[in-house]
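Me: I have a structure open and would like to learn how to read it. Could we go through some features in turn?

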Amino acid sequence: MADTVVVGGGIGGLATALALAGRGHRVTVLERQDAFTELGAGIQLGPNAFHALDLLGVGQAVRDAAVFIDELRFMDGTTGERVAGMPLTGAYRERFGNPYAVVHRRDLYQPLLDACRAAPAVELRTGHPVVGYAQDPASVTALTGDGRTFTADVLIGADGIHSAIRRQLVGDGGPRVSGHTIYRSVIPMARVPRELRWNTVTLWAGPRWHFVHYPIGGGAHLNLAATRDDGATRAVTGVPAGKAHVLGEFPGLGETARALLELGEEWRTWVLCDRDPVDVWVDGRVALLGDAAHPMLQYAAQGACQALEDAVVIGRVLGRGTGEVARHLATYNAQRRARTACAQLVAREMGRRLYHPAGPAARARNAMLSSLGTDGLYRKAAWLHGARDFTEALAPAALDRPARRPEEAAP
């Protein structure tokens with residue numbers, strides 16, 4: 001039985017622990033905080049995420065708390081015009097094999113945590129801030145800030161966008177600040193007028209801003225997320241924002257969308273960050289996973305989905321045995337890098353070309369999206385939503401360009 005240290009106890013780290021424990025590994029998860037917990041609000045889960053969750057053994061537990069959405073709806077945020085909608089029921093589920101759902105982050109995190117706690121081969125340890133690693137041909141050691149060490153056969157860095165493991169392994173500096181500020185609020189659904197309680201993920205697109213809302217918490221709450229392309233240059237995480245300030249950041253928002261935005265209370269602010277794709281995120285017995293490997297903007301709603309895919313693939317390749325750990329981790333890297341790079345770059349492009357244009361560019365976008373029809377939208381989503389082995393090397397552009405390799409995609 002092999003020993004693995006997973007650095008980071010978030011969604012990706014816990015999913016990795018489950019995947020490896022299921023393949024015969026003893027896994028120690030080192031979390032820097034004093035408790036295993038997940039911050040944040042709503043999260044979207046495509047069929048590919050549910051396929052991964054099923055393989056990890058927690059799919060039904062996540063389904064039990066999920067809201068199964070009827071449609072992804074794209075609206076012109078200034079005119080109120082419905083531009084396009086992708087139905088997510090009958091034909092969609094038949095095509096992609098699973099539903100599309102939205103959950104509160106804790107409703108995804110808790111089933112993973114419960115399953116790890118129930119797994120005899122998984123040890124969960126809090127208050128262990130890992131700052132780096134050392135390795136030799138036979139083992140790898142996680143090094144903590146207070147001098148403790150944990151030696152194993154394999155080390156997986158799942159420690160997020162500010163990963164200490166990535167800092168040593170890749171050495172590419174801090175995350176890229178996108179220049180986009182997002183304001184988030186969660187409100188009781190009882191406060192939402194009945195005629196606006198839509199079972200959809202609805203996006204209102206405007207000039208240099210967009211606004212998304214959808215139900216979470218079994219339908220008991222409405223998740224509000226409003227993003228402004230304001231040129232922000234400094235990363236911000238969870239800072240409170242006044243209601244008047246938030247409302248003032250979205251000029252020209254149409255009547256219906258404005259009514260929903262005005263319901264928000266206790267707003268918090270983040271400045272979105274990502275990184276450029278890299279070709280190599282493994283070093284001998286060490287590999288990165290999730291946001292530590294390929295952090296992406298949320299515009300394709302795939303950050304958590306891709307971390308879950310990573311976990312399944314790394315469990316699969318390491319399940320072949322640990323006699324050649326470095327070779328197996330290189331296989332994981334090779335199988336995942338093109339797909340995740342495409343997701344990173346497509347998310348950026350969606351923010352630029354779909355969500356924030358103005359004037360003629362916005363009208364051209366509306367015409368392009370409305371011309372696709374349901375089947376055209378399904379084809380655009382298929383490379384992400386329809387994935388089953390999570391190793392597709394190429395992905396078509398999510399917008400209106402021919403398929404390209406990641407290195408050819410515009411950032």
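Me: Where does alanine 387 lie?

Reply: This is a predicted model, and in it alanine 387 lies in the segment after helix 11 (359-385).

Me: Is alanine 387 buried or exposed, and why?

Reply: Buried means under 20% relative accessible area. Alanine 387 has a relative accessible area of 0%, so it is buried.

Me: Which residues does alanine 387 touch?

Reply: Leaving out residues up to four places away in sequence, alanine 387 touches Asn48, His51, Glu309, Arg339, Ala382 and Glu392. Glutamate 31 is another matter: it is 356 residues from alanine 387 along the chain, and their C-alpha atoms are separated by 30 Å.

Me: What does a pair look like when sequence and space are compared for valine 67?

Reply: Valine 67 and asparagine 199 are 132 residues apart in sequence, and their C-alpha atoms are 8.3 Å apart in space. Asn199 is also among the contacts of valine 67, along with Tyr100, Ala101, Val102, Pro215, Ile216, Gly218 and Gly219, once neighbours within four places are left aside. Valine 67 itself is in strand 4 (residues 67-68), and it counts as buried because its relative accessibility is 9%.

Me: How do I read two helices that pack, such as helix 2 and helix 9?

Reply: Take the angle, the distance between axes, the handedness and the residues that meet. Helix 2 (residues 47-56) packs against helix 9 at about 40 degrees, with the axes 9 Å apart, and the crossing is left-handed. Helix 2 brings Asn48, Ala49, Ala52, Leu53, Leu55 and Leu56 to the contact, while helix 9 brings Cys305, Gln306, Leu308, Glu309 and Val312. By class, that makes eight nonpolar, two polar and one charged residues.

Me: What are the corresponding values for helix 1 and helix 5?

Reply: Helix 1 (residues 11-21) and helix 5 pack at about 35 degrees with their axes 9 Å apart, and this crossing is left-handed. From helix 1, Ile11, Leu14, Ala15, Ala17 and Leu18 meet Arg105, Leu108, Tyr109, Leu112, Leu113, Ala115 and Cys116 of helix 5. The classes here are eleven nonpolar, no polar and one charged.

Me: Which residues of helix 5 are buried?

Reply: An α-helix has 3.6 residues a turn, so residues three or four places apart point the same way. In helix 5 the buried residues are Asp107, Leu108, Tyr109, Pro111, Leu112, Leu113 and Cys116. Helix 5 (residues 105-118) has 14 residues and spans 20 Å from its first C-alpha to its last, close to the 20 Å expected.

Me: Which residues touch the most other members of the largest nonpolar core?

Reply: They are Leu53, Leu108, Leu112, Ile314, Leu329 and Tyr332, in a core of 69 residues. Helix 9 (residues 303-318) gives the most to this core, nine residues. A second, separate core has 39 residues, including Phe96, Val201, Val212 and Ala225.

Conventions: Residues are numbered from 1 along each chain as its sequence is written. This is a predicted model: local features need pLDDT of at least 70, side-chain atom pairs count only at pLDDT 80 or more; totals for chains, interfaces and linings use all residues. Side-chain values use heavy atoms; hydrogens and water are left out. A nonpolar core is a set of buried Ala, Val, Leu, Ile, Met, Phe, Trp, Tyr and Cys residues joined through side-chain atoms within 4.5 Å. Buried means under 20% relative accessible area, exposed over 50%, partly exposed in between (1.4 Å probe, protein chains only). Helices (H or I, at least four residues) and strands (E, at least two) are DSSP runs, numbered from the N terminus. The expected span of a helix is 1.5 Å times one less than its number of residues. Axes are lines fitted to C-alpha atoms, for helices over the stretch in contact, and angles run from 0 to 180 degrees between N-to-C directions. A crossing is left-handed if the near helix is turned anticlockwise from the far one by less than a right angle, and right-handed if clockwise. Contact means heavy atoms within 4.5 Å. Ala, Val, Leu, Ile, Met, Phe, Trp, Tyr, Cys and Pro count as nonpolar, Asp, Glu, Lys and Arg as charged, and the others, Gly among them, as polar.
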